Amino acid sequence: MNSSLNNIFIFWSFCFGAVIASFLNVVIWRVPRCESIVRPPSHCPKCSAPIRWYQNIPILSYLALRGRCASCKTRISPRYIFVEVLGGALFAAAWAYLGGPWGTVLWPWFALMIVGSMIDFDHHLLPDFVTVGGIVYGLLLNAVFSLLARSPAPLFLGVSGLAMGFGVMYLARILGGKLFGQEAMGMGDVILMGAVGAISGPVAVLFVLIVGCLAGICGGVVAMALGGKLKRRFEIPFGPYICLAHLVFLFAGEPIIVWYLGALSRLTGALG
Ligand SMILES: [Zn+2]
């Protein structure tokens, strides 16, 4: 594909991602509150003024209104524009770095991860439609790849990844429960790791486990250092870290693994 045409596709991927993420904002707010995601139409939570279509354009409306409701001027959480930019950036990056049109097969998973991370962050729970949905999507995707490639390899990768992701996390949940006498890991995290495996296979599970734990520890240290309000929320949900680590794997997993193995062999070489 010539590069200017490719840039146009990347641009439209960003726009599409931002539009989808704008809808995800509604899902993130309403689903944990058991509200319908279609009715009533978008309105200001403070003054109930309906949000007109031209006030509902992703990113641009937020900037034009300077992050305030058009009628009562109440501040709108910057979370909204953050999620919209994130959705746009991930969709565009999938096209730009994960093989053009092929990268777009990950769009639905990116959308699920955004919803899951935000709901887990707010409410410490991972909805089944995110975690179980991710497993179903991963297996379906790899089944289609198997059919296209006329090889059982992709489907085997998905099934073994699912078994490993679910298995390792379930074991950690049982052991953690016995060691600490309280729930160390939610069932949502267990199923979410199963989804990571179903999509990307067993190597991804290992990678996400290590990188996710490291990121989680860093986050915990930062939260403790900040103290105050954040410290009280000491129990930082693992879901967003799993998602973050899976994104790192998808976009940079290969070079990181190659670098790590290289460093390891240099180290053993130097020692031996
Ligand atoms: Zn208002």
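Helices here are DSSP runs of H or I with at least four residues, and they are numbered from the N terminus. This is a predicted model, in which local features need pLDDT of at least 70 and side-chain atom pairs count only at pLDDT 80 or more, while totals for chains, interfaces and linings use all residues. Residues are numbered from 1 along each chain as its sequence is written.

Now step back into α6 itself. This helix covers residues 153–180, 28 residues in total, and reaches 39 Å from its first C-alpha to its last, close to the 40 Å expected at 1.5 Å a residue. The expected span is 1.5 Å times one less than the number of residues. Its buried residues are L157, G158, G161, L162, M164, G165, F166 and M169; buried means that 20 or more other C-beta atoms lie within 10 Å of a residue's own, exposed means 12 or fewer, and partly exposed lies in between, with C-beta atoms placed from the backbone. An α-helix has 3.6 residues a turn, so residues three or four places apart point the same way. The buried residues of α6 pack against α5, α7 and α8.

Take the partner α5 next. The axes of α5 and α6 are 7 Å apart and the helices pack at an angle of about 155°, with axes being lines fitted to C-alpha atoms over the stretch in contact and angles running from 0 to 180 degrees between N-to-C directions. The two helices are therefore roughly antiparallel, a label for angles over 145 degrees, where under 35 is roughly parallel, 65 to 115 roughly perpendicular and the rest oblique. In this pair, α5 passes α6 in a left-handed crossing, that is, the near helix is turned anticlockwise from the far one by less than a right angle. On the α5 side, I135, G138, L139, N142, A143, F145, S146 and A149 meet P154, L155, L157, G158 and L162 of α6. By class, this contact has nine nonpolar, four polar and no charged residues.

Helix α5 (residues 128–149) also meets α7 (residues 187–200), where the axes come within 8 Å and cross at roughly 15°. That makes α5 and α7 roughly parallel to each other, and α5 passes α7 in a left-handed crossing. T131, V132, G134, I135, G138, L139 and L141 of α5 make this contact with G188, I191, L192, G194, A195, A198 and I199 of α7.

Further along comes α8 (202–226). Its 25 residues reach 36 Å from first C-alpha to last, close to the 36 Å expected at 1.5 Å a residue. In α8, A204, V205, F207, V208, V211 and G212 are buried, and the buried residues pack against α6, α7 and α10 (239–271). After α8 comes G227, with a positive phi near 65°.

Finally, look at the loops. Most residues other than glycine have a negative phi, and most peptide bonds are trans. In the loop between α1 (3–30) and α2 sits P40, joined to R39 by a cis peptide bond with omega about -10°. S48 lies in the loop between α1 and α2 and has a positive phi near 65°. With 10 other C-beta atoms within 10 Å, S48 is exposed. R66, in the loop between α2 and α3, has a positive phi of about 50° although it is not a glycine.

Key
Contact = placed C-beta atoms within 7 Å. Nonpolar A, V, L, I, M, F, W, Y, C, P; charged D, E, K, R; others polar.
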